[in-house]
Number of protein chains: 2
Amino acid sequence: MSAIRFELIKQCRHTGARAGIVHTPHGEIPTPIFMPVGTQATVKTVMLRDLVEMGIPIILSNSYHLYLRPGHRLVEEAGGLHDFMRWPRAILTDSGGFQVFSLRGILKVKEEGVEFQSPHDGSRHFITPEKSMEIQNALGADIIMAFDECVANPATHEKAKKAVERTTRWAKRCLEAHQRTDQQALFGIVQGSLYSDLRQRSAQELVEMDFPGYASGGLSVGESKIEMCDMLEVTTPLLPQQKPRYLMGVGTPEDLMAAVMRGIDMFDCVMPTRNARHGSGFGPTGRVILKNAQYANDFTPIVQGCGCYACQNFTKAYVRHLLKSSESLGHTLLSLHNIYWLFDLMRGAREAIIEDRFPDFIAEKSEELALPAEVKSRLFATDLG
Amino acid sequence: MSAIRFELIKQCRHTGARAGIVHTPHGEIPTPIFMPVGTQATVKTVMLRDLVEMGIPIILSNSYHLYLRPGHRLVEEAGGLHDFMRWPRAILTDSGGFQVFSLRGILKVKEEGVEFQSPHDGSRHFITPEKSMEIQNALGADIIMAFDECVANPATHEKAKKAVERTTRWAKRCLEAHQRTDQQALFGIVQGSLYSDLRQRSAQELVEMDFPGYASGGLSVGESKIEMCDMLEVTTPLLPQQKPRYLMGVGTPEDLMAAVMRGIDMFDCVMPTRNARHGSGFGPTGRVILKNAQYANDFTPIVQGCGCYACQNFTKAYVRHLLKSSESLGHTLLSLHNIYWLFDLMRGAREAIIEDRFPDFIAEKSEELALPAEVKSRLFATDLG
């Protein structure tokens, strides 16, 4: 029996959007959902209890980073990741594949696995599909990810094809190595770069293995928003309706909306916390750059009407002062705002789907976005159903 | 009528310790009290609501820093410091005297005031007693401080005497310039370096002016703990019983206990948050250095039995992981612990004073402290009553 169960509640009649619930050992996740990223067993600059208060049902953490520091066995000894960082709700860990392939330090890629060097102390490590499962089983997240081969963008068709084939073989090895299927659901990851035939082949091969959920990987790596949508459009129709679909590493409010329209249920991205550390808050047009001089004596919230703790309590003038003074509270407040913004956007999308007014919701939310008209009309076309 | 009222509740029969309440426009402050420092309109790395939850009734902020950035007029426009940083309880601001004299940038000291250079942009500024009152009236704290001349330690008797005389003259000018006596209580500051005669003279001259409260300044600037106690012993007997007494910039747990025994009611210090940023937590023996390798897999709290949020929820192993990973949550948790530690120490002292068991409390709390026996016996002698 799988550790999770996906309950499909409603499908949009005009787009591919859908509303559902992922039932996990640590609570229910209403979808579509944005999942904040807690790379090193903490979501940067915030206290997890503030995310509990916000209603966040799931956060993500990184196997690669936790394997290197403090070590997955130490986290296991602490009672697993939930206990270690005191997060009572669901957790998803990635496999380490993306980090191994995208961060500096890769030494050798073999069929067996990947050799790489630690950025902390230069020590050599070898991660295989089996090792990734060992790490993720020790961390104990509710949802874990298959170890995949990620190619850089752009990639030749030949190179992308080999990566897809290997990703399929590694996915099989992950399924076999995974030890805690009753507690942790393993998702397969569709690869294929920007080639429709490869994305389709990857999806078909993984679907045959019957994972409890499917992710699209290798997107949001430099391609255009339209290219990303193209890949989703060829992939999601091949994925089973009754399984959750997760788009990894995405993204901006417009990316999330466009992907929901194409049948995606789950998202994660470091953008909310990273933008916060750069002094940028999400807003109706895209961004509010809090350090701008125009906000020096602006005693209104980051975004008027926003329901987040930062906007309910503090002014742009104060947040700007904190940023100018290099006080971490500025990053904390902006992180809370940005996480809330994407979380609330997905909550709004879900309600709209359920209430049969999703196209109106998209029209409203995209109206003020500072994007070229032709991009907007392509991303938010509502004849995708 | 003064903005505050001090209610003396109980005096220790064996020492100079006393328990009281400072009634302010923003609530009651039970004394003795440790006040966390929020230099730039924020207590570093924590959210003020977490201090409200902890029960903290008053925090301190710095006129010097807020005058330079974002500017006292901007804070006034925001509705004052309480509104600007959303702190519903009492605030104390210092006068800027200590910062002007101790930070780099001083250009000229005249009878009129002090000329100094901003560390941010090199701009020149002139602070006088009247300017300090203007700034503090604009910030709107419940308790504000006179602008004093602070001499470096060591100072000659001649130099310290001139500073005492000037501090008295400036205190008079502050009293005259203070515009909001019904909302903000102005405290005088006793100076005199380490000279008993000067400390006594300073105290007598200020007491004649009838301030609503008195501080001891220019201590905890490099002198020994015993020298500091000597100065308190000659000063506090001259201060009126019915007014609160505040020891500025102090300090360690042992400093606080020793000063309470000598009749001090209020304390502030950046140590809890600064130590936190250096990975150090208060503990029964003095310090717990969280980065030490011995704590790597120590799944007990920072201090067993501590009632703070950090100790109630997290382990040394987790805090150590956060510090090793340069995650600000490590500083946040240690700051909460350290602030709680001093706050709770003073709360415990207060209860012990009220319940007539203060000497036992001191004996118990000082027992494990890593201090030379002769220093301990001098600091904590209980025949000071």
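Helix axes here are lines fitted to C-alpha atoms over the stretch in contact, and the angles between them run from 0 to 180 degrees between N-to-C directions. I note at the outset that this is a predicted model.

**Entry: α9 and α10 of chain A**

I looked up helix α9 of chain A, residues 225–235, against α10(A). Their axes come within 10 Å and cross at roughly 25 degrees. Angles under 35 degrees count as roughly parallel, so α9(A) is roughly parallel to α10(A). I recorded the crossing of α9(A) and α10(A) as right-handed.

Which residues meet here? On α9(A) I found A:Lys225, A:Cys229 and A:Leu232, and on α10(A) they meet A:Glu254, A:Asp255, A:Ala258 and A:Ala259. By class I listed four nonpolar and three charged residues in this contact, with no polar ones.

**Entry: loops around these helices**

I then checked the loop between β13 (245–247) and α10 of chain A, where A:Gly251 lies. The peptide bond from A:Val250 to A:Gly251 is cis, with omega near -5 degrees.

I also checked the loop between β12 (213–216) and α9 of chain A, which holds A:Ser220. Phi of A:Ser220 is near 60 degrees, a positive value in a residue that is not glycine.

**Entry: the two domains of chain A**

I noted that chain A is divided into domain 1, residues 5–269, and domain 2, residues 279–370. Taken over C-alpha atoms, the centres of the two domains of chain A are 27 Å apart. I found 27 residues of domain 1 and 23 residues of domain 2 of chain A in the contact.

Which elements of domain 1 of chain A supply at least two residues each to the side that touches domain 2? I listed the strands β1 (5–11), β2 (18–24), β3 (27–31) and β4 (33–36), together with α1 (48–54) and α10 (253–261). The largest share, six residues, comes from α10(A). That side of domain 1 of chain A has 18 nonpolar, four polar and five charged residues.

**Entry: chain B against chain A**

I looked up how the two chains are related. Chain B is superposed on chain A by a rotation of 180 degrees with 0.0 Å of shift along its axis, at an RMSD of 0.0 Å. The two copies are therefore related as by a two-fold rotation axis. I noted that the same surface serves both copies, since 100% of the contact residues of chain B recur in chain A.

How many residues of chain B are in contact with chain A? I found 29 of chain B in contact with 29 of chain A. On the chain B side, α3 (72–77), α4 (81–85), α13 (316–324) and α14 (328–354) each supply at least two residues. The largest share of this side, five residues, comes from α13(B). By class, the side of chain B that touches chain A has 13 nonpolar, 10 polar and six charged residues.

**Entry: more on chain B**

I followed α14(B) to helix α15 of chain B, residues 358–366. The two pack at an angle of about 150 degrees, with their axes 7 Å apart. From α14(B), B:Leu345, B:Gly348, B:Ala349, B:Ala352 and B:Ile353 make the contact, and from α15(B), B:Phe358, B:Phe361 and B:Lys365. I counted these residues by class as six nonpolar, one polar and one charged.

Last, I checked the loop between α2 (63–68) and α3 of chain B, where B:Pro70 is found. A cis peptide bond joins B:Arg69 and B:Pro70, with omega about 10 degrees.

Key
Residues are numbered from 1 along each chain as its sequence is written. Chains are lettered from A and ligands numbered from 1 in the order in which they are written. This is a predicted model: local features need pLDDT of at least 70, side-chain atom pairs count only at pLDDT 80 or more; totals for chains, interfaces and linings use all residues. Domain bounds come from an automatic or database domain assignment. Two residues are in contact if their C-beta atoms, placed from the backbone, lie within 7 Å. Helices (H or I, at least four residues) and strands (E, at least two) are DSSP runs, numbered from the N terminus. Ala, Val, Leu, Ile, Met, Phe, Trp, Tyr, Cys and Pro count as nonpolar, Asp, Glu, Lys and Arg as charged, and the others, Gly among them, as polar. Angles under 35 degrees count as roughly parallel, over 145 as roughly antiparallel, 65 to 115 as roughly perpendicular and the rest as oblique. A crossing is left-handed if the near helix is turned anticlockwise from the far one by less than a right angle, and right-handed if clockwise. Copies are superposed by least squares on the C-alpha atoms of residues with pLDDT of at least 70 in both.
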